[in-house]
Amino acid sequence: SGAVRGGGYRARRGFGGAPIGQVSGAATSAFSALSSIGVLERFVATFGKLWWLASAGGFVDVTPTGITLVDQDNYGPSWCQFGDRVIVSTLLDGMFFFDIGVSSRFQALPNAPKAKVIALVKDQVFAGHVGVGAAIEPWRVSWSGLNNSEIWGYDPANQADSQALDSSYGAVQAIIGGDYVTIFQSRAVVRATPVGGSVFFSFDTVDRDRG
């Protein structure tokens, strides 16, 4: 299930291997999404698979075709909701989307980077601990285009870009959205504030003792 935060739902993670209902295998994370017509949709990740609780009351396998999701150190996939689109991500497999009322399975999210953690920040998807080409940059954050989850990379016209944080503070572990973005590294907390123009966000380390 999910927990309410800021008018939406956030993922539950780290289930400790407890089976849930008809889902086969140990649950690693779960997510609840409230659709635009007020229907609560529930999703569960297990080792290798993604599941959706159908209206008939049973869990349906909605894993991307031909994909077996790789466990990311028992951390579980990361989730966020973008309108009626549910997005899930792992560092090794990348991002996938499920459009509520349209999709029958998750599909690869076009142009998106691989990322260990994702979050919705107003009208953009934020990703942390990302893959850049064949390399992995645990301290980097990237964000999608404004109102478009399929625009990534440096795109000033659509306000998409990325930022390398101070690597001495370690990997990005979580991202929390709101009026500004709170980014938790292993040993620091960074605040990203929207500034507009060609800069997009300013990044300030606000706590160097805790992460």
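In which strand is the place of Q185? Q185 belongs to strand β17, residues 181-185 (strands being DSSP E runs of at least two residues, numbered from the N terminus). The model is predicted, with local features requiring pLDDT of at least 70 and side-chain atom pairs pLDDT 80 or more, whereas totals for chains, interfaces and linings use all residues. Residues are numbered from 1 along each chain as its sequence is written, and side-chain values use heavy atoms, leaving out hydrogens and water.

**View 1. Surroundings of Q185.** Q185 counts as buried at 1% relative accessibility (buried is under 20% relative accessible area, exposed over 50%, partly exposed in between; 1.4 Å probe, protein chains only). The side chain of Q185 reaches the backbone oxygen of G170 at 2.8 Å.

**View 2. The ring pair W52 and F98.** The structure holds 12 aromatic pairs (Phe, Tyr or six-membered Trp rings with centres within 6.5 Å; planes under 30 degrees apart are stacked, over 60 edge-to-face, the rest tilted). In W52 and F98 the ring centres are 5.7 Å apart and the planes at 45 degrees, so this pair is tilted. W52 lies in strand β6 and F98 in strand β10, so the pair ties together parts 46 residues apart in sequence. W52 is partly exposed at 21% relative accessibility, while F98 is buried at 2%.

**View 3. The ring pair W143 and F201.** This aromatic pair is edge-to-face, with 5.1 Å between centres and 75 degrees between planes. Because W143 lies in strand β14 and F201 in strand β19, the pair ties together parts 58 residues apart in sequence. W143 is buried at 1% relative accessibility, and F201 is buried at 8%.

Methods
Helices (H or I, at least four residues) and strands (E, at least two) are DSSP runs, numbered from the N terminus. A polar contact is a pair of N or O atoms within 3.5 Å; within protein, one must be able to donate a hydrogen and the other to accept it, and residues adjacent in sequence count only if both atoms are side-chain atoms.
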